[in-house]
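The following questions and answers concern a single protein model. Please examine the sequence and structure before reading on.

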Amino acid sequence: MSIDVAGPLLPLVPLIVGLIGLVLPPGDGGATRRRLAAGLGVTGAAVALLLAVRLVLDPADDPQNSGLTLANFGYLEVRFGTFVDAAAGYVALAVTVVALFVQIYSIAYLHDDRRYAPYAAQVSLFTGAMLLVVASSDLILMLVGWEVMGACSYLLIGHDRRLPEAPAAAVKAFLVTRVGDVGFLLGIAVLIAEADSTYLGDVLTHDHPAGTLTAALLLILAGVAGKSAQFPLHTWLPDAMAGPTPISALIHAATMVAAGVYVVFRLYPLYRQSPAALATLAVLAAITILLGALSAMAQDDLKRVLAWSTVSQIGYMTGALAVGSPAAALFHLLTHAAFKALLFLAAGAVIHAVGTNLMSRMGGLRTHMPVTFWSFVIGLGALAGLPPLSGFWSKENVLTAAAHATEGGETAPAWAAWMVWLAAMLSVGLTAWYATRLLLRTFFGVSRAYGPDGPDWEIGFADGAHRTPAAPHDPPALMRWPLILLAIPAALLGLAAFAPGFRTALELEDPHLGVAVALPMLLLAAGAGTAWWLWRAAPGADPALVLGRAGPLLAAGFRLDEVQDRFVVRPVKALARVVTAFDTNDVDAVVMATGTGTSRAGAALKAAHRLPLPAAAVAVCAAALLLGAIAWWGA
C-alpha cells in the first residue's frame, strides 16, 4: 500500500468505524449486539495499528501541500492531507497500540454494561481524532481533531450516568479544556492569518514578525495547558478518574494529554524563534512537575495517584521542549504511553478484584494476583526511572537536556533551564517515594479489604455491581493479556535508544551513562528507601502519615480548585448574573416597550382612520393648517 493511501486511511478508519458504531442502538441488545460493537472497535483499532506499522517502516520524507480540497474560505484552502514522517509514525504507533489494548480490555471490563456499544464507538472516534492531530498537514484539520477529542472525552468520562461525580467530572473537564482552547484557537488563527495559509509547511516556513509570533505561541500554550493538564489548567485531570478505568488509560497514555506536547513538537521550528514563549513553558513545566509529584504523595485513591503522576510526567515532556530538546520530549512521551497504559489497566484489574479504589482497603494482593503485581512492578519501576526500564532512559534524556541548557546557548534563558532541571531532579525522589508507597500499600502486608466500617463500594464503574470475590485473583484473559503485552515495551522500549534507526527518527543523541547519572539514582534510592523504611518501621501504617499537616493540603492538590473557584468561577458567575439581570430588566424592557408603544400607536391610528367623515375632514384640515404653519415658521 502506498504512503499516499496509508496516510489518509490512518485517521479515517477509526473515525468511520466509530460513526458506524454510533448507529447501533444503546441498551442491552444481547450478545449479538455486543459482539458486533466489540468487533467494530477492535477491527478499527487493529487496522489503524497495521497502517501505523506500515508508515513507520516507510515514513514520508518531505511534506507536500496536496490532498483533497474540503473548503475554501476566500484565499484560504483547507485540504485533507497528511504528513507522517518517522516521528509522527512512532506516535501513531503508540496511539494505535494503546487503543487496541483498551478496546480488547474493555470487552471484559464492561461485560455487563448496557451502554457498551456507544462506548466502543466513542473510543474509536477518540482514537481517530488523535490520529488526525498526529497525521494532519493542515492546521484547520488538526484543530478539528483536537476538538473532536475533547468532545469524546466529555462523553467517555461521563459514561456512567449512575454516578453523580461522573457527569460533574465530564463537565469540568470539558469547560476547563475549553478555556484553554479559546487561546489555542486564537493562536492558530493568528498564525494562519499571518502566513495566508492553513498548510502546516507554509506556516512553519513563513517569516512571522517576532511580536506576533510570540503572542500566537503563548496563546497556543493556553490550549496545551488545558489539554495536557498543565498548571494552572490541570485541575480537571484528577477528577476525570470518575470515568471507566480503560478510558483513564487511553486519555493518559498516548492521546489527549499527550496531544499538547505533540502540537508543540510539531510547531517547534516556531517555538525555537521565541525565547519568551519557551521561558513561559519552562516556568509552567517546573511548577507542574513538582505540583503533580507532591500531590501524588498523599492520595489514597489508586487512580488519583496515577493521575497526579501523569500531570508530573507530562511536565517532564513540556520541560524538555522548553529547554530545547523536542527529541527528549517525544522519547518520554513514547515510554510514558507504554508504562502509564500498563499501570492504569493494572489498576483496573486491582479494582475489579477488590471492589474499591482506595489503597487503605487493599493490601496483601501480591500472592493472589501475580500477573497484576509484576505489571505494577514494571510500570512503577519505569515511572520512577529505575534502570534499565524504559522510563530510566527517557527521563535521563530530559535531565541531560536540562543540565546542558543551564550552560546557556539555547533559545530559552539559562535561569529557565535551571528551574526545569531542579524541579525534574527533585521529582525523581518524590516519584520513587509515592511509587514505592503505592506498591507497598496495595500488594504487601495484610489485607485491609473491609476496613473498620465494613465493605463499601467506593469505585466508579461497573465493578460496584460485582461482589468482592472470596480470594482476589488476576483478571480474565481479555484483561490479563493486554497487561502482559504492554509490560514488554514498558520494560524494554528505552533500549530502543541504542537502535540507530529509532535514534535517527527522533533525532535523539547517542545514549551515554556518565557520572551525571549518579545524582538522580541517589535521589531515587533515597525516595524509595524512605518509603520502605517508614513502612517497615510501622507495619501496616501509611507512609504518608509522615506528611503531617501537609498531607491534607497535598491530597487536595494545594487547594487550587478552591482558589480557582473563589477567584475565577465565583466572579465569573457573579458577572454572568449581572449581565443576565441587565439583559432581562433593561434590554428586554426596552424591546418590550418598543413593541408595546408601536402597538398602541397602531391602535390609535386605526381608531383615527375609522372617524366619521365630518370629523375626518376637520382633522385633515387641521393637520394641513398645522403643516402650513410649520412651513411658514421655518421659512
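**Questions on a predicted model**

Q: Is Val179 buried or exposed?
A: The relative accessible area of Val179 is 53%. Buried means under 20%, exposed over 50% and partly exposed in between, with a 1.4 Å probe and protein chains only. Val179 is therefore exposed.

This is a predicted model, in which local features need pLDDT of at least 70, side-chain atom pairs count only at pLDDT 80 or more, and totals for chains, interfaces and linings use all residues. Residues are numbered from 1 along each chain as its sequence is written, and side-chain values use heavy atoms, with hydrogens and water left out.

Q: Which helix holds Val179?
A: Helices are DSSP runs (H or I, at least four residues), numbered from the N terminus. The run at residues 165-195 contains Val179, and this is helix α6.

Q: What is the distance between the end C-alpha atoms of helix α5?
A: Helix α5 covers residues 139-157, which is 19 residues. The expected span is 1.5 Å times one less than the number of residues, so α5 should span 27 Å. The end C-alpha atoms agree with this, being apart by 27 Å.

Q: Which residue caps the N-terminal end of α5?
A: A side-chain oxygen lies 2.8 Å from the backbone nitrogen of Ile140. The residue that supplies this oxygen is Asp138.

Q: Is Thr335 buried or exposed?
A: Thr335 is found in helix α15. Its relative accessibility is 0%, so Thr335 counts as buried.

Conventions: Helix = DSSP H or I, 4+ residues; strand = E, 2+ residues; numbered from the N terminus. Polar contact = N/O pair within 3.5 Å; in protein donor to acceptor, adjacent residues only side chain to side chain.
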